[in-house]
Amino acid sequence: MKATVMYGAGDVRVENVLDPRIVRPTDALVRVTRACICGSDLWPYQQMKPTPGGRRMGHEFIGIVEDAGSDVRTVKKGDLVVAPFAWSDGTCEFCQHGLQTSCLHGGFWGGELDGGQGEAVRVPFADGTLVKLPVAPDHALMPSLLTLTDVMGTGHHAALAAKVAPGKIVAVVGDGAVGLCGVIAARRLGAEQIIRLGRHADRIALARAFGATDIVSERGKEAVERVRELTNGLGAHSVLECVGHGQSTETALGIARAGGAVGRVGVPQQATLPASIPTFFANITVAGGPAPVRAYIEELMPDILEGRIEPGRVFDRTTNLDGVPDGYRAMNEREAIKVMITN
């Protein structure tokens, strides 16, 4: 089958690899119908050291179950399923408490396992990982349902970590797909004012459509000052940090008000959280991490199916597998917000 393999920074190839097969009775084989490129895929695209064997790519996909192991009970051949970006057994201590990204027996797609940017995937612990979808593969809602694999759930996780609630002022740092979904999540949870930090016109327009009330295009200290102006000098109750850079994290901490909260979901590109004595004395809560999106799928899916939210609008380019390398280039050069892959 065809699959995406990254061999180093800027070196993405679509190659023929071995077809996946059932290895354990808890496995399922899924033929991928839709996948996508994630903003977090751009970190290795920019920084990965050359490796002879390459690395399988992709952690967001929807597909059709082609086969299932003898112990699989919740899905069967022919089912349309969504796969969270982390696979999990669904039974360990952490899974039982809705933290599937810390599953004692789970892991993440790619690397030694199949990646979602391919024709098929072996899914370990199918019962704990996959969620059956109640719509046909060609349904118009499929792009939005695809966001349940990562970006919509991650934006929601950021909002929960930042303690978004009705009547609160929310600021979203990051103009990628996760930040855009963070705007959706903040509005869904009842935020009164949503300040979006970003400077690209297409992303600003989408953020406003999703519910952003104010746009801040400045960066660094100027951004902090502008957010303070918009909040009577107090800062935001809730800040969603959806980038992972040192500057974005410092900005997020700088625009949070005393007693506020920062939800961090941007993959950190620095080893430590920047030190901030003012943040400490302001009693600002910092929480977050890789989103356990499996815990949120059943909650968010009805809002998509009933048309209350449309996170699939973050996809502004579609390609097939052969076009994936150019999709990476387009996202890296900010020609595209998020690229969807159809098989």
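## A partly exposed salt bridge and a network

D326 has a relative accessible area of 39%, so it counts as partly exposed. This comes from a predicted model, so read every value here as computed from that model. The partner of D326 is R317: their side chains meet in a salt bridge, with N and O 3.9 Å apart. R317 is partly exposed too, because its relative accessibility is 28%.

Salt bridges with shared partners also build a network here, and R188, E299, D303, E306 and R308 belong to that one network. By the rule used, the salt bridges come to 22.

## Salt bridges with buried partners

Now for a pair on the inside. R56 and D114 form a salt bridge, and their closest N and O atoms sit 3.1 Å apart. R56 belongs to strand β4 (residues 55–56), while D114 is in the loop between β8 and β9 (120–123), so this pair ties together parts that are 58 residues apart in sequence. Both R56 and D114 are buried.

K76 and D79 are another pair, with their side chains meeting in a salt bridge at 3.3 Å from N to O. D79 is buried because its relative accessible area is 7%, which puts it under the 20% cut-off.

## Helix α5, wrapped up

What about helix α5? It spans residues 151–161, and ten of its eleven residues are buried, so the rest of the structure largely encloses this helix. The buried set is V151, M152, G153, T154, G155, H156, H157, A158, A159 and A161.

Strand β5 (residues 61–68) has β3 (residues 28–36) as a partner: the two run antiparallel and are joined by seven bridges. Within that pairing, V30 has V65 of β5 as its bridge partner.

β5 also pairs with strand β6 (residues 80–83), again in the antiparallel sense, over four bridges. Here F61 stands opposite A83 of β6. As a reminder for looking at strands, side chains in a regular strand alternate between the two faces of the sheet.

S88 sits in the loop between β7 (86–87) and α2. Is S88 buried or exposed? S88 is buried, because its relative accessible area is 0%. Leaving aside residues up to four places away in sequence, S88 touches C95, Q100, C103, G106, F125, G128 and T129.

L104 is in the loop between α2 (93–96) and β8 (107–108). L104 counts as exposed because its relative accessibility is 56%, and exposed means over 50%. Together with F94 and L99, L104 makes a nonpolar surface patch of about 260 Å².

Key
Residues are numbered from 1 along each chain as its sequence is written. This is a predicted model: local features need pLDDT of at least 70, side-chain atom pairs count only at pLDDT 80 or more; totals for chains, interfaces and linings use all residues. Side-chain values use heavy atoms; hydrogens and water are left out. Patches are made of residues with over 30% relative accessible area and no salt bridge: like charges are joined within 9 Å, nonpolar side chains (Val, Leu, Ile, Met, Phe, Trp, Tyr) within 5 Å. Accessible areas come from the Shrake-Rupley method with a 1.4 Å probe; for residues, only the protein chains shown count as cover. A salt bridge is a side-chain nitrogen of Lys or Arg within 4 Å of a carboxyl oxygen of Asp or Glu. Buried means under 20% relative accessible area, exposed over 50%, partly exposed in between (1.4 Å probe, protein chains only). Contact means heavy atoms within 4.5 Å. Two strands pair if DSSP finds at least two bridges between them.
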